Amino acid sequence: MHQSRAALLIVAFGLLGVGGCGGDSPTGPRGSAPANKLILRRASTPSWARDGRSLLCSRAIDGPYSVWRVSDSGQDSVMLIADPEGAFCPFWLPDGNHIVYLRGEEFEFVVYDVRDQSSRSWPAHDAWDDYGISLTPDGSEILYTVYGSTQHETWALDLASGSKRFVWAGAGAVISPDGRWIAFTTQQDSLAIAPLSGGSARRIAVGGYACWTPDSRYVVFTVLSQTGNVDLMAVDREGTRRWRLTDDATVDLAPRVSPDGRRVAYVRCPSLDVPPFDLWILDLELPTVGITVERSRGSSGDSAGRGATSVPSHGF
């Protein structure tokens with residue numbers, strides 16, 4: 001399964017503990033455990049549609065992993081892409097007509113057109129790792145991690161041309177939706193934030209597998225707790241306040257915040273990299289994190305974007 005190396009990193013994070021980054025609320029800012037719901041069994045690597053009504057995920061049902069779409073209620077699911085080499089980490093692109101996903105062990109990303117089932121693929125680095133894959137805010141590039149002997153690096157692959165560029169010295173880098181900040185994991189297994197334009201990085205927590213809330217104020221991430229469970233936590237951009245989002249006897253991985261900032265989709269499994277992998281959604285209650293999403297529909301049935309009536313073309 002394509003989370004083994006990510007899981008090993010989480011073990012390393014947890015060995016350092018979770019202290020030293022401000023207050024830790026064990027049940028969220030309102031003092032009650034957030035609502036938590038099983039959405040789909042045998043599902044992994046989730047990402048949200050831009051209207052927040054459905055998710056993409058990877059599933060293996062009597063064969064290699066394929067790309068599925070599931071409603072946010074979990075009541076409807078359908079397979080969209082069957083790749084004989086396996087399909088992981090799917091994302092909708094902003095036009096609502098294309099999906100990008102990671103193909104098997106071939107170290108390549110595939111841009112798939114849902115209208116005519118055509119596709120094109122671009123090779124990534126041979127030393128890539130699937131830990132912390134994400135899209136840039138405009139959807140034109142996909143970020144992935146390259147592991148070196150002395151330094152981990154985040155690179156971007158242009159989904160229209162296939163060109164690659166160095167982005168940041170650190171693993172699993174994720175750019176904030178406003179394009180001003182970058183969250184990444186340091187060589188010392190700390191979660192850090194820095195201005196994307198350049199400047200000093202600030203260590204904000206011990207953990208990894210980060211994702212931003214849509215207002216660019218908070219980061220949701222994974223951490224190995226002192227009780228031995230892998231849980232989800234949230235931290236503000238300054239690293240002054242933290243909230244524990246899950247606290248159970250399972251491993252919680254791959255968080256993705258919904259477009260309105262009110263929910264987190266994530267993967268739950270019984271222990272590190274041990275199936276079954278199940279897709280869950282929990283309510284996210286952080287101060288003023290929610291935003292309004294205009295549900296303008298594209299040809300695929302997914303929104304073209306938050307409050308957007310058109311999206312830029314990236315040449316897909």
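Reader: Which residues does Thr136 touch, leaving out those up to four places away in sequence?

Author: In this predicted model, Thr136 touches Glu141, Leu143 and Ile175. Thr136 itself lies in the loop between β11 (128–135) and β12 (141–147).

Reader: Why is Thr136 called buried?

Author: Its relative accessible area is 7%, and buried means under 20%, so Thr136 gets that word.

Reader: What makes the link between the side chains of Thr136 and Asp138 a polar contact?

Author: The distance there is 3.0 Å, and the cut-off for such a pair of N or O atoms is within 3.5 Å.

Reader: On to the rings. How many aromatic pairs are there?

Author: The count comes to five. One of them is Phe109 with Tyr144, at 5.7 Å centre to centre and 50° between the planes.

Reader: Why is the pair of Phe109 and Tyr144 called tilted?

Author: Stacked needs planes under 30 degrees apart and edge-to-face needs over 60, so a pair at 50° counts as tilted. Phe109 lies in strand β9 and Tyr144 in strand β12, so the pair ties together parts 35 residues apart in sequence.

Reader: And what makes Trp155 and Phe166 edge-to-face?

Author: Their planes are at 80°, and over 60 degrees counts as edge-to-face.

Terms used: Residues numbered from 1 in each chain as written. Predicted model: local features only at pLDDT ≥ 70, side-chain atom pairs only at ≥ 80, totals over all residues. Heavy atoms only, no water. Helix = DSSP H or I, 4+ residues; strand = E, 2+ residues; numbered from the N terminus. Buried < 20%, exposed > 50% of the residue type's maximum accessible area, 1.4 Å probe, protein only. Polar contact = N/O pair within 3.5 Å; in protein donor to acceptor, adjacent residues only side chain to side chain. Contact = heavy atoms within 4.5 Å. Phe/Tyr/Trp six-rings, centres within 6.5 Å; stacked < 30°, edge-to-face > 60°.
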